Every structure is written in structure tokens, then in C-alpha cells.
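Here is a brief report on one chain.

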Amino acid sequence: MKLASLMLACLLSFILSFNAYAAIDVYDFDSPQQEAQYRGLIEELRCPKCQNQNLAGSDAPIAQDLKQKTYDMIKEGRSDAEIRAYMQERYGDFITYKPPVRPSTWILWFFPPLLLIALIIGWFWQSKRSQRVARGESAVNIDSSAALSAAEKAELDRLLSRSNAKSEAVITSTEDKK
């Protein structure tokens with residue numbers, strides 16, 4: 001009797017585990033075009049729960065429901081645009097990997113190219129500036145009409161002569177130490 005109940009338990013567990021593998025989605029389509037439409041849509045639409053996975057690759061319950069809804073709508077003869085509009089109406093622009101261009105999504109569409117352009121301009125500006133510095137050109141242009149006055153020239157000469165005298169004194173003092 002125990003052997004029979006053990007065999008029944010094994011058979012029951014085998015049947016239950018076999019049913020678990022039967023959860024693979026199998027849809028019957030009227031034409032290969034409908035199947036291609038279905039495959040394209042579930043590859044394009046994003047799972048709301050998984051967030052960065054499409055419906056085709058997601059096993060989340062909501063993804064299963066959305067796949068079934070997509071299949072039902074295809075069987076009804078709806079177009080891709082109608083199915084996308086239905087999904088976007090219920091789940092927002094996040095459901096698609098290609099959000100529409102509107103004021104709320106401008107940052108997604110226009111910020112990356114503008115940032116790239118700004119970085120390229122900055123790189124060119126920096127390289128030109130470093131080339132000028134390497135050649136000895138100064139970025140500051142001196143206006144020749146703003147020459148020093150006689151008093152300023154005298155003060156400059158006095159400061160330079162004092163600086164030269166100090167440097168000569170340092171040189172001679174180090175030579176004396178040798």
C-alpha cells in the first residue's frame with residue numbers, strides 16, 4: 001500500500017512539473033504577416049515592470065497580459081499605430097523605446113546632441129588656445145596706443161635696476177661662499 005501511494009505521489013509531482021513547462025506562450029495566427037506584426041510589436045514595447053526589458057524578453061505577469069492584449073488586437077485587425085496608441089494611452093510614453101517628440105520629451109531628443117556639440121566646440125577652442133600658447137602668442141592683445149608715460153617708464157627702469165642689483169648681489173655672495 002505504501003509503495004502504491006509513493007508511486008502515486010511521484011506520478012502527481014511529475015504531472016504538476018510537466019504543467020509548469022507548458023506555460024510557454026503559443027499563439028495561433030491567421031497569417032505569417034500577423035505573426036511578424038506581433039513579434040515586431042513585442043520587441044518594440046517595453047515592460048512597465050521590468051523597465052529596461054521588452055515584452056518579448058519579460059516573464060512578468062503584466063508583460064504576459066500585454067502580450068495577450070497585443071495578440072487580441074492583432075487578431076481584431078488593428079494596425080501597429082493603433083496598438084501603440086492604445087498602449088501609450090494606458091501606460092504612457094515609457095512603454096515605447098521611441099517616445100514621440102513633444103515638449104515634455106524635448107530633453108530626451110535634443111539635450112544629448114546639444115551637449116555633444118558643446119563638448120566638440122569646447123575641445124576645439126581649448127586645442128586652438130593651447131596651440132597659441134605653444135607658439136608664444138598671447139591671448140591678450142596689447143594696444144600700442146596705450147604706451148607708458150615718461151613717469152611710468154622711469155619707475156619701471158628704477159624697479160628693474162633695483163631687481164638687477166639684488167640678483168647681482170645674490171650671485172656675488174654665493175660666489176664668495178665658494
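The report below starts with the basis of the values and then moves from the whole chain to single residues.

## Basis

This is a predicted model: local features need pLDDT of at least 70, side-chain atom pairs count only at pLDDT 80 or more, and totals for chains, interfaces and linings use all residues. Residues are numbered from 1 along each chain as its sequence is written, and side-chain values use heavy atoms, with hydrogens and water left out.

## Overall make-up

The chain holds six helices and zero strands. Helices (H or I, at least four residues) and strands (E, at least two) are DSSP runs, numbered from the N terminus. Read from that end, the order is α-α-α-α-α-α.

Of the 178 residues, 16% are buried. Buried means under 20% relative accessible area, exposed means over 50%, and partly exposed lies in between (1.4 Å probe, protein chains only). The accessible surface of the chain is about 14100 Å², and carbon and sulfur atoms account for 62% of that. These areas come from the Shrake-Rupley method with a 1.4 Å probe; for residues, only the protein chains shown count as cover.

Contact means heavy atoms within 4.5 Å. Take the contacts between residues at least 6 apart in sequence: 47% of them join residues at least 24 apart.

## Helix 2 against helix 3

Helix 2 spans residues 32-44 and helix 3 spans residues 61-75. They pack at an angle of about 145°, with axes 10 Å apart. Axes are lines fitted to C-alpha atoms, for helices over the stretch in contact, and angles run from 0 to 180 degrees between N-to-C directions. The crossing of helix 2 and helix 3 is right-handed. A crossing is right-handed if the near helix is turned clockwise from the far one by less than a right angle, and left-handed if anticlockwise.

Helix 2 contributes Q34, Q37, Y38, L41 and I42 to the contact, and helix 3 contributes K67, T70, Y71, I74 and K75. By class, that gives five nonpolar, three polar and two charged residues. Ala, Val, Leu, Ile, Met, Phe, Trp, Tyr, Cys and Pro count as nonpolar, Asp, Glu, Lys and Arg as charged, and the others, Gly among them, as polar. Q34, in helix 2, is buried at a relative accessible area of 14%. Beyond its neighbours within four places in sequence, Q34 touches F29, I74 and K75.

## Helix 4 and its partners

Helix 4 covers residues 80-91 and packs on helix 3 at an angle of about 145°, with axes 10 Å apart. The crossing of helix 3 and helix 4 is right-handed. On the helix 3 side, the contact uses I62, L66, K69, T70, M73 and I74; on the helix 4 side, it uses E82, I83, Y86, M87 and Y91. This contact has eight nonpolar, one polar and two charged residues.

Helix 4 also meets helix 2: their axes come within 11 Å and cross at roughly 30°. The crossing of helix 2 and helix 4 is right-handed. Q37, L41 and E44 of helix 2 face D80, I83 and R84 of helix 4 in this contact. Its residues divide into two nonpolar, one polar and three charged.

S79 sits in the loop between helix 3 and helix 4. S79 is partly exposed, at a relative accessible area of 33%. The C-alpha atoms of S79 and Q37 are 8.8 Å apart, although 42 residues separate the two along the chain.

Y91 belongs to helix 4 and is partly exposed, at 34% relative accessible area. Leaving aside neighbours within four places in sequence, Y91 is in contact with P48, I62 and L66. Y91 and R46 are 45 residues apart in sequence and 10.0 Å apart in space, C-alpha to C-alpha.

## Cysteines

How many disulfides does the whole structure contain? The search finds zero. A disulfide is a pair of cysteine sulfur atoms within 2.5 Å. The cysteine sulfur closest to that of C47 belongs to C50, at 3.4 Å, so the pair is too far apart for a bond.

Is C47 buried or exposed? C47 is buried, at 0% relative accessibility. C50 is partly exposed, with a relative accessible area of 30%.
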